[in-house]
Amino acid sequence: DKRSNGHWKEATVLSWLGGGYRQSGDTHSYQLTPLFLYKAKPKGYMNWLLGNYTRSSPQKFYNNFLFLYEYDLNRIKQESQHNLLFSSIHYHNHSQDFLFKGFAGILWKFHKTQEWNDSRVLWLGYGKTPQKQSYNFFPVFYRSKRRWETTHIWGPVLIYANFTKKRDLQLGALGAAYWHYQNKLDKEYSTYILLGSLFRSYSKKERGYHTMGSMWGWLWEYQYETETQFRKFSVLKLFSFGKDKRGRTKIMGIRF
């Protein structure tokens with residue numbers, strides 16, 4: 001034991017374990033390794049007790065129990081965060097930032113700020129950023145919307161739709177039952193039902209050509225051009241009636 005001016009500077013208990021009391025300047029410590037350690041300063045303290053670690057100061061408070069539970073507090077901002085099971089589960093609720101996630105956000109994640117919202121379990125949920133908004137319940141339903149693009153998916157009926165500023169695309173049964181494509185810049189489109197066997201329709205920019213029919217035009221077909229007087233209706237590619245580009249009537253290829 002040691003004294004200084006009548007005050008204890010050091011007192012030991014079970015010195016082989018480093019136990020006892022010590023003072024160095026304005027720092028005081030109590031220790032019994034590895035069970036207990038307490039160290040105090042004028043503006044804070046540190047404590048270890050049976051695996052639980054605590055550190056405190058005017059600015060912060062921190063507590064950690066073998067990384068099974070972890071707590072961190074910012075006294076100035078009045079913001080705190082919690083971690084469980086080696087940080088596999090995390091939670092914090094700050095003034096402009098809320099986050100609750102499990103296993104790095106793989107199992108679940110709920111994150112919300114002034115501009116962001118990511119709320120989901122596995123991949124199912126809702127998301128919002130300054131550039132995009134989405135609802136993801138795939139394979140049942142999915143929808144996303146950007147400034148110039150919107151996408152829809154209805155899984156049970158295999159419907160996909162994508163709309164942009166330049167083009168539209170709609171598919172039923174992955175295109176086998178229904179297909180529709182529209183180029184908004186060239187003003188061209190194509191539509192197929194049952195791959196065109198039940199119905200087919202498409203257009204070309206040149207002369208404003210349009211056609212529609214069944215069995216790829218073999219059962220019946222109607223063709224016309226918006227920039228000319230061309231019109232033609234045919235059945236079985238044999239019987240036809242219409243007008244040529246100059247507006248003259250033609251039946252079975254014979255001009256009248």
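**Entry 1: salt bridges**

I began with the charged pairs and counted 7 salt bridges, taking a salt bridge as a side-chain nitrogen of Lys or Arg within 4 Å of a carboxyl oxygen of Asp or Glu. The model is predicted, so I kept to its limits: local features need pLDDT of at least 70, side-chain atom pairs count only at pLDDT 80 or more, and totals for chains, interfaces and linings use all residues. Residues are numbered from 1 along each chain as its sequence is written, and side-chain values use heavy atoms, with hydrogens and water left out.

I looked up Asp 118 next. Its side chain forms a salt bridge with that of Lys 109, at 3.9 Å from N to O. A salt bridge also joins Asp 118 to Arg 120, at 3.3 Å from N to O. I therefore noted Lys 109, Asp 118 and Arg 120 as a network of salt bridges.

How exposed are Asp 118, Lys 109 and Arg 120? For this I used relative accessible area: buried means under 20%, exposed over 50%, and partly exposed in between, with a 1.4 Å probe and protein chains only. Asp 118 is partly exposed at 23%. Lys 109 is partly exposed at 21%, and Arg 120 is partly exposed at 22%.

I then turned to Arg 207 and Glu 225, whose side chains meet in a salt bridge of 3.1 Å, N to O. Arg 207 lies in the loop between strand E23 (199–204) and strand E24 (209–214), and Glu 225 lies in strand E25 (residues 220–225), so the pair ties together parts that are 18 residues apart in sequence. For strands and helices I followed DSSP runs numbered from the N terminus: helices are H or I of at least four residues, strands are E of at least two. Arg 207 is partly exposed, with a relative accessible area of 30%, whereas Glu 225 is buried at 2%.

**Entry 2: aromatic rings**

I found 11 aromatic pairs in the structure. Rings of Phe, Tyr and Trp (its six-membered ring) pair if their centres lie within 6.5 Å; planes under 30 degrees apart count as stacked, over 60 as edge-to-face and the rest as tilted. Tyr 202 and Tyr 209 make a tilted pair, with 6.4 Å centre to centre and 55° between the planes. I noted both Tyr 202 and Tyr 209 as buried.

Which residues do ring pairs link into a cluster? I listed Tyr 91, Phe 98, Phe 100 and Trp 108. I followed up Trp 108, which is placed in strand E13 (residues 108–113). Not counting residues up to four places away in sequence, Trp 108 touches Ile 89, Phe 100, Lys 101, Gly 102, Arg 120, Val 121 and Leu 122; contact means heavy atoms within 4.5 Å. I also checked Trp 108 against Ser 119, 11 residues apart along the chain, and their C-alpha atoms are separated by 7.9 Å.

I looked for charges over rings, which requires NZ of Lys or CZ of Arg within 6 Å of the ring centre and within 35 degrees of the ring normal. Lys 165 lies over the face of Trp 148, at 4.4 Å from the ring centre. Lys 237 lies over the face of Trp 218, at 5.7 Å from the ring centre.

**Entry 3: strands**

I traced E19 (residues 159–164) against E20 (residues 167–172): they pair in the antiparallel sense over 5 bridges, where pairing needs at least two DSSP bridges between the strands. E19 and E20 form a hairpin with 2 residues between them. Tyr 160 stands opposite Leu 171 in E20.

From E20 I went on to E21 (residues 178–183), which runs antiparallel to E20 and is joined to it by 6 bridges. Leu 171 stands opposite Trp 179 in E21. This hairpin has 5 residues between E20 and E21, and Ala 173 in the turn has a positive phi of about 55°.

I made one more check in strand E16 (residues 132–137), where Ser 134 is found. Ser 134 counts as buried at 15% relative accessibility. Leaving aside neighbours within four places in sequence, I listed its contacts as Gly 125, Tyr 126, Gly 127, Tyr 142, Arg 143 and Ser 144.

**Entry 4: whole chain**

The protein chain has 0 helices and 29 strands. Buried residues make up 29% of its 256 residues. Among contacts between residues at least 6 apart in sequence, 0% join residues at least 24 apart. The chain exposes about 17200 Å², of which carbon and sulfur atoms supply 61%; accessible areas come from the Shrake-Rupley method with a 1.4 Å probe, and for residues only the protein chains shown count as cover.
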